[in-house]
Amino acid sequence: MRRFRRLALTTMVLAVLAQAQTPALAAAEADPRTAIALPADLRPAFLAHMRHHMDALDDIIARLAAADFKGAAGVARTELEPGSGAGFGRYLPIEFREMGLGMHRAAAEFATVVEAVPAQPAAADWQKAIAALQTLSAHCRGCHGAFRVE
Ligand code: HEC
């Protein structure tokens, strides 16, 4: 019984200690991504730009689902290729910009792959198209795992 009480007490002490961590430390542990300080007036535009990326990705998948390879390439080229930086560049660390460029290059590469799909695609053509799409979405995922805005 006494042993049990000591165990219960130890558990309580540990629980109190865990809660006593400073909030900042707890937050850093919960979210290890690098924070990018964007001016408050630019943040909505940055996030809108990102939602546009999501729309573009979904439009690409929709074109693929309709076996419209040229259409999928067109969306990748017009919506996800470089040049749509929208003026955030100077606030973004070089690592971020490089990841962004990587994503734009993957979009261009995806477009090149699906433009080469013949009128009667074989299983291997589908596989190549989906692999190139996944390389593109891996760039979205990689950056989201590394950065956040504040
Ligand atoms: C170079 C970095 C980078 C790349 C590449 C990137 N994003 Fe983001 N994205 C971000 C950051 C940073 C945020 C803000 C996340 C946060 O603060 O939690 C974000 C947020 C978003 C959001 C949320 C928008 C909102 O309104 O909250 C969506 C959706 C999104 N990204 C989609 C995409 C898609 C789809 C792709 C790929 C086609 C992509 N992003 C590529 C960095 C990136």
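## Questions on the helices and the ligand shell

Q: Which exposed residues are carried by the face of helix 4 turned away from its buried side?
A: In this predicted model, helix 4 comprises residues 69–80. On the face directed away from its buried side, the exposed residues are Lys70 and Thr78.

Q: Against which helices do the buried residues of helix 4 pack?
A: Alanine 76, one of the buried residues of helix 4, touches Ile60, Ala107, Phe110 and Ala111, when residues up to four places away in sequence are not counted. Taken together, the buried residues of helix 4 pack against helix 3, helix 5 and helix 6.

Q: In what order do the elements of the protein chain run from the N terminus?
A: The protein chain contains six helices and two strands. Starting at the N terminus, their order is α-α-β-α-α-α-α-β.

Q: What share of the contacts with a separation of 6 or more joins residues 24 or more positions apart?
A: The protein chain has 150 residues, of which 12% count as buried. Among its contacts with a separation of 6 or more, the share from residues 24 or more positions apart is 71%.

Q: Which element gives the most residues to the shell around the ligand?
A: Of the 18 residues around the ligand, Met50, His53, Cys140, Cys143 and Arg148 come nearest. Two or more shell residues come from each of helix 3, helix 5 (94–115), helix 6 (123–146) and strand 2 (147–149). With six residues, the element that gives the most is helix 3.

Q: How many residues of the ligand shell are charged?
A: By class, 12 residues of the shell are nonpolar and four are polar. The number of charged residues in the shell is two.

Q: Which residues does histidine 53 contact beyond its neighbours within four places in sequence?
A: Histidine 53 lies in helix 3 and is partly exposed, because 15 other C-beta atoms lie within 10 Å. Leaving aside neighbours within four places in sequence, histidine 53 is in contact with Leu80 and Cys140.

Q: Which residues does arginine 63 touch, not counting residues up to four places away in sequence?
A: Arginine 63 is placed in helix 3 and counts as partly exposed, because 19 other C-beta atoms lie within 10 Å. Its C-alpha is 9.8 Å from that of glycine 74, a residue 11 positions away in sequence. With residues up to four places away not counted, arginine 63 touches Asp68, Gly71, Ala72 and Val75.

Q: What is the phi of alanine 67, which is not a glycine?
A: Most residues other than glycine have a negative phi. Alanine 67 is placed in the loop between helix 3 and helix 4, and it is partly exposed because it has 13 C-beta neighbours inside 10 Å. Although it is not a glycine, alanine 67 has a positive phi of about 55°.

Q: Which residues does aspartate 125 touch, not counting residues up to four places away in sequence?
A: Aspartate 125 is in helix 6 and is partly exposed, because 16 other C-beta atoms lie within 10 Å. Valine 114 is 11 residues away in sequence and 8.2 Å away in space, C-alpha to C-alpha. Without counting residues up to four places away in sequence, aspartate 125 touches Val117 and Pro118.

Methods
Residues are numbered from 1 along each chain as its sequence is written. This is a predicted model: local features need pLDDT of at least 70, side-chain atom pairs count only at pLDDT 80 or more; totals for chains, interfaces and linings use all residues. Helices (H or I, at least four residues) and strands (E, at least two) are DSSP runs, numbered from the N terminus. A residue is buried if 20 or more other C-beta atoms lie within 10 Å of its own, exposed if 12 or fewer, and partly exposed in between; C-beta atoms are placed from the backbone. Two residues are in contact if their C-beta atoms, placed from the backbone, lie within 7 Å. A residue is near a molecule or strand if its C-beta atom, placed from the backbone, lies within 6 Å of it. Ala, Val, Leu, Ile, Met, Phe, Trp, Tyr, Cys and Pro count as nonpolar, Asp, Glu, Lys and Arg as charged, and the others, Gly among them, as polar. The expected span of a helix is 1.5 Å times one less than its number of residues.
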